[in-house]
Amino acid sequence: MSMLSTGCYDCCMRCLGGVPYCSLVATLLCFSGIALFCGCGHQALTETERLIETYFARNLQDYITLAYIIQYFQYVIYGLASFFFLYCIVLLAEGFYTTSAAKQTFGEFRSTMCGRCLSSSFIVMTYVLAVLWLLVFAFSALPVYFFYNMDATCHTIDVLTETPASINQLCVDARQYGLLPWNAVPGKACGMTLSTVCRTREYQMTYNLYIAAFIGAGINLLALVHCVLQLAVNQVYLRKRRRRAKDEWKGYNLCGRLERDAGEILSSPYPAETSYVSCFAADTFRDNHQR
């Protein structure tokens with residue numbers, strides 16, 4: 001019974017040892033970041049259209065272009081969510097592959113030329129995605145900046161409630177940010193009207209959604225950078241293992257030639273835990289690790 005429990009324990013330890021924890025953490029970060037960005041971003045765009053329609057534009061023709069742009073960005077969000085969901089799964093599978101190849105280089109999971117090329121391709125692709133996502137991260141800060149200025153203006157209005165003349169000069173003009181054309185009416189909100197907008201539930205929810213989407217974009221950027229570093233570390237580790245394997249094969253081959261010349265078995269120049277390998281085994285070792 002104790003032998004059975006020991007066998008189960010060893011099996012569990014081997015399974016846990018083969019889990020790529022760094023890749024798993026990066027995948028979870030990527031899933032959470034892209035879910036936060038896409039979910040909150042999609043809803044924030046919908047609420048933004050509603051705010052513009054209610055408080056900044058009276059004519060449909062004034063914000064019809066903005067409505068089309070918002071709809072386009074929502075379709076882009078659908079595509080981003082699907083793409084990153086599949087890409088994160090592929091990266092996790094790549095993490096399992098490289099971990100198995102690194103831990104069992106001399107066993108069934110050998111590092112082949114195809115596997116090394118595939119890992120290098122993933123490093124390049126993830127690096128390019130990280131650079132592109134950096135632009136998305138910067139772009140997602142723009143609506144946060146707009147709503148932050150709007151919130152600061154509303155706070156100033158609340159402080160200056162005793163001087164109505166000064167309050168009416170404080171405005172937020174959506175046309176200055178390119179959200180509406182310059183001929184849009186009214187195109188801006190001033191004074192107590194702006195203060196009323198800032199107190200609405202739609203405004204507070206939209207502001208919080210944009211902040212959450214910005215945080216989600218940052219988390220996804222962190223996950224992509226983490227993936228690049230992890231894949232690069234695995235490549236370096238596998239390269240070191242292959243170099244060490246070649247050095248060991250040269251030593252085994254030298255030992256075999258000395259055996260043939262001396263006509264007797266020579267002791268291996270390697271530590272005691274390294275078993276004796278014949279010339280035939282050295283040839284097999286070479287064929288498996290020079291591919």
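Which element gives the most to the lining of the largest pocket? Helix H3 does, with 10 residues. The legends below describe close-up views of a predicted model.

**Figure 1. The largest pocket and its lining residues.** The space in this pocket comes to about 820 Å³. Its lining is made up of 29 residues, and those nearest the centre are Leu45, Phe73, Phe139, Pro143 and Tyr210. Two or more lining residues come from each of H2, H3, helix H4 (113-139), H5 and helix H8 (201-262). H3 is the main contributor, giving 10 residues to the lining. By residue class, the lining of the largest pocket holds 23 nonpolar, 5 polar and 1 charged.

**Figure 2. The disulfide between Cys30 and Cys88.** The whole structure contains 3 disulfides, and this view shows the one formed by Cys30 and Cys88, with the sulfur atoms 2.4 Å apart. Cys30 belongs to helix H2 (residues 21-56) and Cys88 to helix H3 (residues 60-103), so the bond links distant parts of the chain, 58 residues apart. Both cysteines, Cys30 and Cys88, are buried.

**Figure 3. The disulfide between Cys154 and Cys198.** The S to S distance in the Cys154 and Cys198 pair is 1.6 Å. Cys154 is in helix H5 (residues 141-159) and Cys198 is in helix H7 (residues 191-199), so the pair ties together parts that are 44 residues apart in sequence. The torsion about the S-S bond of Cys154 and Cys198 is about 50°, and the disulfide is therefore right-handed. Cys154 is buried, at 4% relative accessible area. Cys198 is also buried, at 6%.

**Figure 4. The disulfide between Cys171 and Cys190.** The sulfur atoms of Cys171 and Cys190 are 1.9 Å from each other. Cys171 sits in strand E1 (residues 171-173) and Cys190 in strand E2 (residues 188-190), so this pair joins parts of the chain 19 residues apart in sequence. The link of Cys171 and Cys190 is right-handed, with 110° about the S-S bond. Cys171 has a relative accessible area of 30% and is partly exposed. Cys190 is likewise partly exposed, at 21% relative accessibility. When the bonded cysteines of the protein are numbered in sequence order, the pairing reads 1-2, 3-6, 4-5.

**Figure 5. Cys38 and Cys40, two cysteines too far apart for a bond.** For a disulfide, the two sulfur atoms have to be within 2.5 Å. Seen from Cys40, the closest cysteine sulfur is that of Cys38, again at 9.8 Å and too far for a bond. Cys38 is buried, with 6% relative accessible area. Cys40 also counts as buried, at 14% relative accessibility.

**Figure 6. The salt bridge between Arg50 and Glu47 in helix H2.** A search of the whole structure gives 3 salt bridges. In this one, the closest N and O atoms of Arg50 and Glu47 are 3.4 Å apart. The two residues, Arg50 and Glu47, are 3 residues apart in helix H2, so about one helical turn separates them.

**Figure 7. The salt bridge between Arg199 and Asp158.** The side chains of Arg199 and Asp158 come together with an N to O distance of 3.2 Å. Arg199 is in helix H7 and Asp158 in helix H5, and the pair links distant parts of the chain, 41 residues apart. Arg199 is exposed, at 56% relative accessibility. Asp158 is partly exposed, with a relative accessible area of 37%. The helices H5 and H7 also carry Cys154 and Cys198, respectively.

**Figure 8. The salt bridge between Arg175 and Asp173.** The N to O distance between the side chains of Arg175 and Asp173 is 3.0 Å. Arg175 is buried, with a relative accessible area of 15%. Asp173 is buried too, at 10% relative accessibility.

Key. Residues are numbered from 1 along each chain as its sequence is written. This is a predicted model: local features need pLDDT of at least 70, side-chain atom pairs count only at pLDDT 80 or more; totals for chains, interfaces and linings use all residues. Side-chain values use heavy atoms; hydrogens and water are left out. Helices (H or I, at least four residues) and strands (E, at least two) are DSSP runs, numbered from the N terminus. Buried means under 20% relative accessible area, exposed over 50%, partly exposed in between (1.4 Å probe, protein chains only). On a 1 Å grid over the protein atoms alone, a cavity is a set of points where a 1.4 Å probe fits but cannot get out, and a pocket is an open set with protein on both sides within 12 Å along at least five of seven lines; lining residues have an atom within 4 Å of a point. Grid points are joined across faces, edges and corners, and a volume is the space filled by probe spheres set on the points. Ala, Val, Leu, Ile, Met, Phe, Trp, Tyr, Cys and Pro count as nonpolar, Asp, Glu, Lys and Arg as charged, and the others, Gly among them, as polar. A salt bridge is a side-chain nitrogen of Lys or Arg within 4 Å of a carboxyl oxygen of Asp or Glu.
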